[in-house]
Amino acid sequence: MEGSSSRPTSNQAGLLAHASRRDSSQDAETESGRDTKMHFRVCRFIMEIGVKLGMRSVPVATACVLYHNFFQRVNIHAYEPYLVAMSCVYLAGKVEEQHIRTRDIINVSHRYFNSGSAPLECDKEFWDLRDSVVQCELLILRQLNFHVSFEHPHKYLLHYLLSVRSLVNRHAWSRSPVAETSWALLRDCYHGAMCIRHTPQHIAIATLYLALNSYAVELTVGEKEWWQVLCEDVTKADIDAVISDLLQLYDMEAKCI
């Protein structure tokens, strides 16, 4: 399958053309900056349609990782990012055993770009777009050499939260939404390629570290820092690197509004 096969024909392009117009920018910025903004917007699209499709957090995270891994290997200008995103959602549902119908993905995506519109008719345009989603899924599998199963930070963050909770005064813990903030920070990590640049354990530690510091929650200090006890190979530099990347994503979010 060549690159052109993953682009919709002129008869299919209505939905995706709307997406392209939505993300066009007239300001003068570097090509790298435009690409980063595009990836941020597309991952936000993945997350929003994932919620509307009733997907669990891990399948949505897998879809984002598939997307980032794919575009680490190919030029973003060779493929339609939103079509790739739709295929990543479809593939992630299979990988994580939460199968999502292509029709639902297409209709939810259509509503995302055309708020309040009716579902697409099952006409030639719909079936052509469905075929493009399926063909693009095969392209993604080939580009990733069928390596589509990933380890996510979620299980580590859950373990770390349970461990840290036992070290914190229960009144202080109940007053501070550390757990909710940690999960929100973790979700935000998937907007950028940092989710594949750092190890799952380091991301989990860093999001918990940032949440604890945001609410000034203090832990009992021993011979080692709490994060060294939970993850032996993590360093303060690793934590700072994850937090720095995350803060850059928040800066990117402000620019994408």
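Guide: Start with a cut-off. A residue counts as buried under 20% relative accessible area, as exposed over 50%, and as partly exposed in between. Keep in mind that this is a predicted model.

Visitor: Why is aspartate 131 called partly exposed?

Guide: Aspartate 131 has a relative accessible area of 35%. Buried means under 20% and exposed means over 50%. The value falls in between, so aspartate 131 is partly exposed.

Visitor: What makes aspartate 131 and arginine 130 a salt bridge?

Guide: The side chains of arginine 130 and aspartate 131 meet at 4.0 Å, N to O. The cut-off is a nitrogen of Lys or Arg within 4 Å of a carboxyl oxygen of Asp or Glu. Arginine 130 is partly exposed, with a relative accessible area of 27%.

Visitor: Why can such side chains pair?

Guide: Side chains of opposite charge can pair when their charged atoms come close.

Visitor: How many salt bridges does a search of the whole structure find?

Guide: The search finds 7 salt bridges. One of them joins lysine 124 and aspartate 128, at 2.6 Å from N to O. These two residues are 4 apart in helix 6, so about one helical turn separates them.

Visitor: Are lysine 124 and aspartate 128 buried or exposed?

Guide: Lysine 124 has 55% relative accessibility, so it counts as exposed. Aspartate 128 has a relative accessible area of 14%, so it is buried.

Visitor: Which parts of the chain does the salt bridge of glutamate 137 and lysine 94 link?

Guide: That salt bridge, 2.9 Å from N to O, links distant parts of the chain. Glutamate 137 is in helix 6 (residues 124–143), and lysine 94 is in helix 4 (residues 81–95). The two are 43 residues apart. Glutamate 137 counts as buried, because its relative accessibility is 5%. Lysine 94, at 37%, counts as partly exposed.

Visitor: What does the chain look like as a whole?

Guide: The protein chain has 13 helices and 0 strands. Of its 257 residues, 49% count as buried. Take contacts between residues at least 6 apart in sequence: 79% of them join residues at least 24 apart.

Visitor: What makes helix 11 and helix 13 roughly perpendicular?

Guide: Their axes cross at roughly 75° and come within 9 Å. Angles of 65 to 115 degrees count as roughly perpendicular. Helix 11 and helix 13 are therefore roughly perpendicular to each other. The residues in contact include Tyr209 of helix 11 and Asp238 of helix 13. The contact divides into 9 nonpolar, 1 polar and 2 charged residues.

Visitor: How do you know that threonine 102 is buried?

Guide: Its relative accessible area is 8%. Buried means under 20%, so threonine 102 is buried. Threonine 102 lies in helix 5 (residues 102–113). Leaving aside neighbours within four places in sequence, threonine 102 is in contact with Tyr90, Arg130 and Val134.

Visitor: Why is alanine 216 called exposed?

Guide: Alanine 216 has 63% relative accessibility. Exposed means over 50%, so alanine 216 counts as exposed. Asparagine 145 is exposed as well, with a relative accessible area of 53%.

Notes
Residues numbered from 1 in each chain as written. Predicted model: local features only at pLDDT ≥ 70, side-chain atom pairs only at ≥ 80, totals over all residues. Heavy atoms only, no water. Axes fitted to C-alpha atoms, helices over the stretch in contact; angles between N-to-C directions. Parallel < 35°, antiparallel > 145°, perpendicular 65-115°, else oblique. Contact = heavy atoms within 4.5 Å. Nonpolar A, V, L, I, M, F, W, Y, C, P; charged D, E, K, R; others polar. Buried < 20%, exposed > 50% of the residue type's maximum accessible area, 1.4 Å probe, protein only.
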